[in-house]
Amino acid sequence: MAVLATELSRGSRGRIAVAATLLLFGVVASGCVQQPGVDETPRPLTPSALEARRLTEMSLDLWEARTVRLQRISQRLRVAGRDVCVGAVAPVLRAAVQDISALPDALGDVARDRYGTDEGLVVLESFEAAPEGTDGLRSGDIIVALGGRATDAIPDLNRSLGSPVRIDLRRGGEPLTIEMDLAQGCRFPALLMRQDYVNAFADGEATRATTALMREFKDDTLLAMIIGHEMAHNLLGDVRARKGISGPRRESRADHVGIYLAVLGGFEVPESFDLYIQLQSDLDLIEKRNRSHPATVTRAARYRKTVQQIQEKREAGEPLLPEPE
Ligand SMILES: [Zn+2]
């Protein structure tokens, strides 16, 4: 069946023909092996259902990979940028974690089979090794409680977390309790959202990157600058200040702080604005009616000024903190 299923992916016309043949074959074959009335095993999937499932598994792989990349980059910025986030610092769990119940509906069945549950938080990747002799998080762990309280919220959104934190989880189906020290960092986690246009958002609590943004912006430095920009909107209270974020001054300020966060996170932001302009022009395509972002020329000048300023502070050995407004 596996070989035939692979065949199915080669061209849709062949696919239909092979699928029809297999469908017949499937019916005949199951007729041969099943004893009527006593069979309790689930019916084998039809070839077209198998193919659909294979595609859904690929979608889940992609969703996981994007979540890991997004959270890895954002956590670098958050932990390294804690001195910038005065008044908005919280413990950060150094791992990519997905709230299983928050996955897109289309991934539900495949996710349930992969994780063995449809609730809790699955650890996709741990970003730091546990200290010698202790147990840390591992890929595939299902977190069921944090600090002794049942949770299905992204841990970073749980501001009551202390450090060290007690984590109750299931590993390979078995219950396990571990204790972990958490790093301090900016309290704005990054979440992936399903949207087929290139954009990122700040909602006051988290930053959100669309699936299209993750697909189009393969450069980690550019992604770090975008996450930094959105984190800055949260930090600066721009979401509370206005219903929607707008205003050239706010955007310019978010650029300034966001570049500092990206640099602190270890990303070498380019001197030229070219990379950043790529974002601006893409946003312009979908934001024709939203003229909130400053004109590219003005933004480019401010960008260069911020990058120069950072360079001067580095040479002088001064702390990399954004200039007051
Ligand atoms: Zn903005």
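Residues are numbered from 1 along each chain as its sequence is written. Because the model is predicted, local features need pLDDT of at least 70 and side-chain atom pairs count only at pLDDT 80 or more, while totals for chains, interfaces and linings use all residues.

The elements discussed here are DSSP runs numbered from the N terminus, with helices (H or I) of at least four residues and strands (E) of at least two.

| Element | Residues |
|---|---|
| Helix 3 | residues 47–80 |
| Helix 4 | residues 108–115 |
| Strand 7 | residues 174–180 |
| Helix 8 | residues 248–264 |

The axes of helix 3 and helix 4, which are lines fitted to C-alpha atoms over the stretch in contact, come within 9 Å and cross at roughly 75°. The two helices are therefore roughly perpendicular to each other, a term for angles of 65 to 115 degrees. In helix 3, Arg 53, Thr 56, Glu 57 and Leu 60 meet Val 110, Ala 111 and Arg 114 of helix 4, where contact requires C-beta atoms, placed from the backbone, within 7 Å.

Leu 176 lies in strand 7 and is partly exposed, with 13 other C-beta atoms within 10 Å; on this count, 20 or more means buried, 12 or fewer exposed, and anything in between partly exposed. Not counting residues up to four places away in sequence, Leu 176 touches Leu 169 and Arg 171.

Helix 8 is mostly covered, since 13 of its 17 residues are buried. Just after helix 8, Gly 266 takes a positive phi of about 95°.

Terms used: Axes fitted to C-alpha atoms, helices over the stretch in contact; angles between N-to-C directions. Parallel < 35°, antiparallel > 145°, perpendicular 65-115°, else oblique. Contact = placed C-beta atoms within 7 Å. Expected span 1.5 Å × (residues − 1).
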